[in-house]
Amino acid sequence: MSGPPAILAKPDVPAWRLFVTLGVAGAAAGFLLVFVFQLTAPIIERNKAERLAAAVQEVLKAPHRYDTLYVVDNALTTELPSGADPRQHEQIYRGFTEEGAEIGYAIASGEPGFQDIVRVIFGYDHDAGTLLGMKVLESKETPGLGDKIEKDSSFVVQFDGVLAPLAGVKPRDGTGDPHEIDMITGATISSRTVIKVINNALSRLEPMLESYVASTPSALAQEDTR
Amino acid sequence: MSGRTRQQDFLRGIWKENPVLIQMLGLCPALAVTNTVANSLVMGIATFFVLTGSSFLVSLVKKIVPNEVRISTYILIIATFVTVADMTLEALVPDIHKALGAFVALIVVNCMILGRQEAFASKNPIGRSLLDAFGTGIGFMIAMLMMGTVREVLGNGTILDMKVIPGDFEPWVIFILPPGGFLTLGAWLMVIAWWTERRTTRARVSEWPEGVAATKEAA
């Protein structure tokens with residue numbers, strides 16, 4: 001009598017062992033990931049907040065303090081309705097000098113650029129209608145060409161004092177108009193994106209700023225009445 | 001096991017079977033994120049960590065895991081280490097993490113890593129698997145740095161953001177753009193092929209009878 005062929009004699013791995021192996025491995029992986037996530041999440045969150053705070057400091061020219069305003073139902077407010085998640089609402093930042101005078105608003109916004117969304121934060125002096133500065137928060141623009149929108153200081157510096165709305169011109173076509181921004185040769189699309197981000201954000205937020213300022217006396221005036 | 005085997009386990013991956021330069025594995029990160037030395041270094045470290053961690057764990061559980069689900073288990077192990085590396089990088093070096101983009105997550109499918117698990121760690125004891133992973137990881141890092149150094153020096157005139165080319169140097173921007181990755185890799189492979197060929201020819205020449213070698217070298 002011969003037994004079954006050798007290949008059939010090999011005992012099958014029972015199905016439960018496959019389940020248990022993958023189950024245990026998955027559970028262990030899950031535990032480890034949750035553990036690392038809880039360690040790193042606060043640090044990641046803090047890094048982001050620090051980067052934003054540094055950007056606000058930069059574009060508002062080192063304000064003494066700043067308030068966070070939320071866009072709720074197309075109006076600006078310092079108070080969120082109870083229960084609302086602050087991350088769900090667009091935020092802009094209103095900066096003040098040490099004496100309590102308003103410096104301007106820091107507004108972050110984004111538009112699609114050459115590669116991906118370009119996110120920009122800029123300072124805006126509402127009374128004068130001029131920009132105070134611009135900083136690129138996020139961009140994947142081509143290294144060496146498009147990324148000049150953040151690295152070329154002669155481009156960035158133009159956003160200090162320019163009148164809104166902005167108009168991008170080729171460097172040799174400039175007429176000295178206070179609305180003009182010289183675009184970067186070789187990075188026309190990226191330069192135009194930055195200008196578009198600012199113009200679109202302002203045309204969207206300007207009416208809200210207008211009514212917000214009208215409804216709240218300026219901080220300086222409040223100080224005087226006290 | 002002799003010390004020689006250990007030494008070989010370790011050294012093999014560094015040069016003779018270098019994952020990128022000889023085996024042509026893991027080319028995707030080697031082309032995509034080597035545009036600066038810093039990016040290459042961080043990518044190299046992340047990959048090293050994932051490779052060593054997975055090799056250790058795979059070697060540890062090789063007898064418990066049934067053959068039928070071994071690939072799924074290995075991928076699960078690798079993916080876990082990659083996610084850990086991803087979150088750690090985002091917390092520690094947010095700027096570089098942003099520059100590396102999706103490529104940290106893509107370490108999961110780096111065939112160099114799964115290849116070492118299938119070919120080595122699942123068949124060998126923990127000690128040897130670790131040595132093998134160290135060697136391969138260092139070999140990968142060396143290749144990444146060879147790419148990153150050339151690309152950053154030519155494409156930006158700097159190493160780790162320190163200026164190394166003095167004077168008025170107009171950077172060859174193409175080297176930090178994607179084509180630069182291909183050009184640099186091609187150039188390195190050419191250098192290595194030339195070097196290997198020269199060495200084998202030399203070895204062959206030295207094996208010839210003395211008279212022949214002398215005439216050949218004279219000619």
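Me: Let's start with packing: what do the buried residues of H8(B) pack against?

Reply: They pack against helix H2 (27-32) and H7 of chain B. Helices here are DSSP runs of H or I with at least four residues, strands are runs of E with at least two, and both are numbered from the N terminus. Contact means that two C-beta atoms, placed from the backbone, lie within 7 Å. Before we go on, this is a predicted model, where local features need pLDDT of at least 70 and side-chain atom pairs count only at pLDDT 80 or more, while totals for chains, interfaces and linings use all residues. Residues are numbered from 1 along each chain as its sequence is written, and chains are lettered from A and ligands numbered from 1 in the order in which they are written.

Me: Which residues of H8(B) are the buried ones?

Reply: Burial is a neighbour count: 20 or more other C-beta atoms within 10 Å makes a residue buried, 12 or fewer exposed, and anything in between partly exposed, with C-beta atoms placed from the backbone. In H8(B) the buried set is B:Gly180, B:Gly181, B:Thr184 and B:Leu185.

Me: How does the span of helix H8 of chain B agree with what its residues should give?

Reply: The expected span is 1.5 Å times one less than the number of residues. Helix H8 (residues 178-207) has 30 residues and should therefore span 44 Å, and its end C-alpha atoms are 44 Å apart, so the two agree.

Me: Take B:Met144 next: buried or exposed?

Reply: Buried, because 26 other C-beta atoms lie within 10 Å. B:Met144 sits in helix H7 (residues 126-156) of chain B. Once you set aside neighbours within four places in sequence, B:Met144 touches B:Ala30, B:Thr34, B:Ser40, B:Met43 and B:Gly44.

Me: Zooming out, how many helices and strands does chain B have?

Reply: Nine helices and two strands, in the order α-α-α-α-α-α-α-β-β-α-α from the N terminus. The C-alpha trace spans about 60 × 55 × 25 Å along its principal axes. Of the 219 residues in chain B, 38% are buried. For contacts with a separation of 6 or more, 73% join residues 24 or more positions apart.

Me: What mean pLDDT does chain B have?

Reply: As pLDDT is the predictor's confidence in each residue, from 0 to 100, read it before the details. Chain B averages 87, and 94% of its residues reach 70 or more. For the complex, the predictor gives an ipTM of 0.75 and a pTM of 0.76.

Me: Over to chain A: what is the strand order of the open sheet?

Reply: Strands pair when DSSP finds at least two bridges between them. The six strands of chain A run E2-E1-E3-E4-E5-E6, with antiparallel pairing. Strand E2 (75-77) and strand E6 (130-138) of chain A are the edges: each has a single partner strand, so one side of each has no neighbour in the sheet. From one strand to the next, the twist averages 30° (axes are lines fitted to C-alpha atoms, for helices over the stretch in contact, and angles run from 0 to 180 degrees between N-to-C directions).

Me: Which strands of chain A does helix H2 touch?

Reply: Helix H2 (residues 15-59) packs on the sheet, touching strand E1 (65-72), E3, E4, strand E5 (117-125) and E6 of chain A, and its direction makes about 155° with that of E6(A). Helix H5 (residues 188-215) of chain A also packs on the sheet, touching E1, E2, E3, E4, E5 and E6, at about 130° to E4(A).

Me: Over how many bridges do E1(A) and E3(A) pair?

Reply: Six, in the antiparallel sense, with A:Arg65 opposite A:Phe96 in E3(A). E1(A) and E2(A) are joined by three bridges, also antiparallel, and here A:Val72 faces A:Ala75 in E2(A). Their hairpin has two residues between the strands, and A:Asp73 takes a positive phi near 50° there.

Me: Where does A:Lys61 lie?

Reply: In the loop between H2 and E1 of chain A. A:Lys61 counts as partly exposed because it has 15 C-beta neighbours inside 10 Å.
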